[in-house]
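Here is a short report on one protein structure. Look at the strands first, then at a few single residues.

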Amino acid sequence: MKTLRLMGMTLAVAALCLGYASCGDEDELTINGGSYDCMLNGIYYTLDFEARTAKVVGSGRKVVDIPSSIYYEDATDSYYSGSYTVKSIYLSDNSGITSVTIPSSVTSIGWSAFFNCTSLTSVTIPESVTSIGSYAFTSCSSLTSVTIPSSVTSIKDYAFSDCTNLTSVTIPESLTSIGEGIFEYCSSLTSVTIPNSVTSIGKNVFDGCSSLTSVTIPESVTSIGEWAFSDCGSLTSVTIPSSVTSIDKYAFQNCSSLTSVTIGASVTSIKDYAFSDCSSLTSVTSLNPTPPSCSSYAFSGVDMSVCTLLVPVGSKNAYASATGWKNFRKIREGA
């Protein structure tokens with residue numbers, strides 16, 4: 001755990017007044033072994049003197065309400081004095097923070113911005129934010145819910161992974177894809193609704209979400225990536241819409257409570273181990289009259305003598321002779 005350290009600090013010029021932070025250029029200020037330029041109300045900043053922007057780099061407070069701008073006063077060169085807009089945040093590994101309010105001046109939450117902030121229970125993301133970076137909230141193990149505003153168009157890989165107490169999340173209609181591992185190992189997440197704007201579900205997105213009992217995949221989705229829902233041990237049923245054309249390898253591997261699967265009519269490819277070790281699976285419905293290309297290992301670990309395969313009228317013989325399907329002992333028409 002990292003702690004705040006102030007080394008060689010001179011406060012002769014530093015002052016707090018009227019909501020502004022002021023510090024002199026001769027001060028040698030460090031936090032977590034790195035330098036900073038200003039401190040206001042327990043929040044530490046570095047400054048970009050050319051762009052006139054500020055970056056939050058630390059805080060000694062539990063509740064962090066970040067302002068949209070701060071004022072810097074240079075005792076030796078007035079050129080550097082003035083208002084600096086807060087544009088970015090990096091509070092990684094700060095275990096003391098419980099709540100953060102991000103100002104509207106911030107448009108992007110960067111890489112690892114709140115990584116391993118293990119006491120963080122709530123965060124307010126403003127409508128100004130358009131992107132959330134990789135690992136931005138990874139291992140925020142006390143975070144229980146998060147609302148992603150409709151302004152967000154991009155969420156990078158593993159942004160909320162390993163948030164083990166996250167129970168609910170709102171995914172906005174502004175997203176068109178859900179990237180790799182975004183909610184991986186969010187073991188308390190119980191349900192999720194994917195909006196109609198999303199066209200692809202990436203690799204490992206919900207991998208290890210062991211409390212996930214239901215998921216709604218919209219008609220807009222065309223592909224489901226590797227390990228997308230693997231090890232979702234509480235998921236009992238899933239309907240793959242007709243818009244989906246491929247189900248990648250290990251997509252639903254080891255969903256041990258999964259009892260029924262409906263595979264849409266447009267699915268043409270089911271890769272290795274897509275439904276392997278779904279040991280409770282008793283019903284598979286495939287709506288495509290032509291058997292999708294299916295790996296011999298797609299249903300590995302499923303009891304083919306118990307699980308019923310329901311297919312469209314007139315297609316039983318085709319499925320009974322197709323690789324990956326012919327091992328089902330109960331093939332019935334009527335899907």
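Strand β25 (residues 260-263) and strand β27 (residues 283-286) run parallel and are joined by 4 bridges. Helices (H or I, at least four residues) and strands (E, at least two) are DSSP runs, numbered from the N terminus. Two strands pair if DSSP finds at least two bridges between them. S260 has S283 in β27 as its bridge partner. On to the next strand: β27 is also joined to β29 (residues 308-311), in parallel, by 3 bridges. Here T285 stands opposite L310 in β29.

This is a predicted model, in which local features need pLDDT of at least 70 and side-chain atom pairs count only at pLDDT 80 or more, while totals for chains, interfaces and linings use all residues. Residues are numbered from 1 along each chain as its sequence is written, and side-chain values use heavy atoms, with hydrogens and water left out.

**An open sheet**

Which strands form the open sheet? There are 6, in the order β18-β20-β22-β24-β26-β28, with parallel pairing. Its edge strands, β18 (177-178) and β28 (293-294), each pair on one side only. Within this sheet, β22 (residues 223-224) and β24 (residues 246-247) share 2 bridges in the parallel sense. I224 has I247 in β24 as its bridge partner. Strands of a sheet pair through backbone hydrogen bonds, either parallel or antiparallel.

Buried means under 20% relative accessible area, exposed over 50%, and partly exposed in between (1.4 Å probe, protein chains only).

| Residue | Relative accessibility | Class |
|---|---|---|
| I66 | 3% | buried |
| C294 | 6% | buried |
| C307 | 0% | buried |
| Y135 | 33% | partly exposed |

I66 sits in the loop between β8 (63-65) and β9 (69-72). Leaving aside neighbours within four places in sequence, I66 is in contact (heavy atoms within 4.5 Å) with residues including I43, V56, V86 and I89. I66 and I89 are 23 residues apart in sequence and 9.3 Å apart in space, C-alpha to C-alpha.

How many disulfides does the structure hold? It holds 0. C307 is in no disulfide, and the nearest cysteine sulfur, that of C278, is 9.7 Å away. A disulfide is a pair of cysteine sulfur atoms within 2.5 Å.

Y135 lies in the loop between β14 (131-132) and β15 (145-147).
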